[in-house]
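These are my notes from one sitting with the model.

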Amino acid sequence: MSDYLVQFNNISKFFGKVIALKDVTMKLKKGEIMCLLGDNGAGKSTLIKTLAGVHRPDEGEIIVEGKKTIFDSPKDALDMGIATVYQDLALVSLMSVTRNFFMGREPMKGPPFFKTFDIEKANKIAAERMGQIGIDVRDPSQAVGTMSGGERQCLAISRAIYFGAKVLVLDEPTSALGVHQASVVLKYIVKAASQGLAVILITHNVHHAYPVGNSFTVLNRGKSLGTYEKKDISREKLLSMMAGGEELNKLEVELLEMNRSSAD
Amino acid sequence: MSTKSKSIETKTDFNQDERLKKVSKLRLLLNRPELGALGGAILVFIFFGIVAGDTGMFSAYGVLNFLDVSANLGIIAIAAAMLMIGGEFDLSIGSMIGFAGICIAIPAIYWGWPLWMSIIFAFSMAVLVGYFNGILVVRTGLPSFIVTLAMLFILRGATLAITRLITGRTQVPGLRVLIEDDPLAWIFATDTFKWVFTWLGSMDLIALRTDGTPLATGIPPSVIWFIALAIITTWILMKTRYGNWIFASGGDKNGANNVGVPVGRVKISLFIGTAVAATIFATIQVLDAGSADTMRGTLKELEAIAAAVVGGCLLTGGYGSAIGAAFGALIFGTVSMGIFYTDVDTDWFKVFLGAMMLIAVIFNNYIRRKVTESK
């Protein structure tokens, strides 16, 4: 028995001849935030879908709370407490906060065969939950469309936690947000981790990842470049490890040379 | 999901966003999808109250007359609205009306079935047609506009061809004699609350025929069906899990799927709903007229969609209300009958219908922007 909440060991995924993922290993303890960094095309989406149970890994094993498991469907992953919040958030902007919060999992009341959606209870819970993360929903029946991007992200995360997530997989939760909004979301993620959840934060933004992450896994062209504890790696090192880093250095050199030649 | 998480108690230590402003009650009211149709209906009544107040339009007979027309349209408009909220269209409603009428009349007249069996047969066919529409849309991912447009032609053509093949004509009369003593037909063919009208007549409060019976004999079955459907569907939308799924399926198919809403099943059931509503419409009309006509219901699908749109449904799905569609139908029904009581040529009705719909769409579009705008 290990004290890891969830382990993904040597996960590989092939699509025909294409190697989408090769030997990716991630281990998370309770309360830990692991940041998965990678540029576009690094295999982040494939990895997310593997974690979420959409894809079945071709090699490797998934161990949840010490038990080896196989996810046959997204529902399996959910039932094991691994909740994925995708970039589209699965929120309907024309529907109310409450209706979104409980979409597909509505609380019911009443006798059998005459069960109705307990909207009062749902309103109460939704308002309470949003209040806990500092979002004052004046009226939980207001449309989600009126909320800011950060608030929506928090709503989606809060919903996943409410419905029993132990491991949160967050797909680019800050990518579409401004600085202030992003910091609100990141604060909430830290808060969630401090309450005992394990968080896998997928992002290409090192500046967002570095302050909140406990460990960092860098993905490049389907392979893991290793996992580092925060104390073992600097922000600059992380940046340059991502494919972009090296190339930006090259670009800098090239630009310098161009400047020099045009100055001649 | 097995258990709710041990609640993550986090005290609010994020700053409350000081830029959030309180929303006024009026704004909340404006966010209701049926508001436009309700206002429109009130305006229409005020208008005819002034223009035709003393013409008999608002006598018991006149009121039942325009209520009957509104109710017939309302029955299919409500079903069309539910489907639109679920994100799809059904253009085959009108053809389904004609088809259902034939499904009742031919077995009853030519094959000697009891009327109740023919009615059940028609409803079974409706479930099949709706299921077929739904499964095609869900499985192929094609726009329902195209799929049901094809069904519009297929059903109308089949209705005409089958009827002429079996009867040699395009109309099937002779149903009226079968209604009496039928254990099922009365649900679609009985005027209710007759005693109220008899009593009102005896009190000289409403107009009487020369033989002393009241001119308006009772509430027509269409009105009862219409009110019942409006209440049931509104209840479904607002108070049930299935209602939430309808909004979710229309609002964001993928998102709804991701959180476990059975989008495909929801949509198929809504297609069955429109076909069944068309059959209710057809049954009432066929029994009332005593005959089925292959052309019955032509263009009704567009009127139903127009009423749904006036009632606040968005063409993109995920937003709208059943009660709004009911008000939309009431507007159309009232104007189409009320226009007879004015000096205006009835030819202008379609102009009004079109203009009304255009205004409604512009208004709804504006509302939707208000609702979804990030502040």
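Entry 1. The model is a predicted one. I began with helix H3 (residues 60-85) of chain B and helix H10 (residues 221-239) of chain B, whose axes come within 8 Å and cross at roughly 30°.

I then listed who makes the contact. H3(B) brings B:Leu67, B:Asp68, B:Ala71, B:Asn72, B:Gly74, B:Ile75, B:Ile78 and B:Met82. From H10(B) come B:Ser222, B:Val223, B:Trp225, B:Phe226, B:Leu229, B:Ala230 and B:Thr233. Sorted by class, the contact of H3(B) with H10(B) holds 10 nonpolar, 4 polar and 1 charged residues.

Entry 2. I stayed with H3(B) and turned to helix H15 (residues 322-341) of chain B. The axes of H3(B) and H15(B) are 7 Å apart, and the two helices pack at an angle of about 145°. The crossing of H3(B) with H15(B) is right-handed. In the class count for the contact of H3(B) with H15(B) I found 15 nonpolar and 9 polar residues, with no charged residues.

Entry 3. Next I went back to H10(B) and checked how it meets helix H11 (residues 241-251) of chain B. Their axes lie 5 Å apart, at a packing angle of about 80°. H10(B) is therefore roughly perpendicular to H11(B). On the H10(B) side I noted B:Ile236, B:Leu237, B:Met238 and B:Lys239, and on the H11(B) side B:Tyr242, B:Gly243 and B:Ile246. By class, I have 5 nonpolar, 1 polar and 1 charged residues for the contact of H10(B) with H11(B).

Entry 4. I moved to chain A and looked up its domains. The domain assignment gives domain 1 (6-92 + 159-263) and domain 2 (95-142) of chain A. The C-alpha centres of domain 1 and domain 2 of chain A are 31 Å apart. How many residues does each domain of chain A give to the contact? I found 6 residues from domain 1 and 6 residues from domain 2. The side of domain 1 of chain A that touches domain 2 of chain A has 5 nonpolar, no polar and 1 charged residues.

Entry 5. Last, I read the hairpin in chain A. Strand S1 (residues 6-15) of chain A pairs with strand S2 (residues 18-28) of chain A over 7 bridges, in the antiparallel sense. Opposite A:Ile11 I found A:Val24 in S2(A). The hairpin of S1(A) and S2(A) has 2 residues between the strands, and A:Gly16 there takes a positive phi near 60°.

How values were computed:
Residues are numbered from 1 along each chain as its sequence is written. Chains are lettered from A and ligands numbered from 1 in the order in which they are written. This is a predicted model: local features need pLDDT of at least 70, side-chain atom pairs count only at pLDDT 80 or more; totals for chains, interfaces and linings use all residues. Axes are lines fitted to C-alpha atoms, for helices over the stretch in contact, and angles run from 0 to 180 degrees between N-to-C directions. Helices (H or I, at least four residues) and strands (E, at least two) are DSSP runs, numbered from the N terminus. Two residues are in contact if their C-beta atoms, placed from the backbone, lie within 7 Å. Ala, Val, Leu, Ile, Met, Phe, Trp, Tyr, Cys and Pro count as nonpolar, Asp, Glu, Lys and Arg as charged, and the others, Gly among them, as polar. Domain bounds come from an automatic or database domain assignment. Two strands pair if DSSP finds at least two bridges between them. A crossing is left-handed if the near helix is turned anticlockwise from the far one by less than a right angle, and right-handed if clockwise. Angles under 35 degrees count as roughly parallel, over 145 as roughly antiparallel, 65 to 115 as roughly perpendicular and the rest as oblique.
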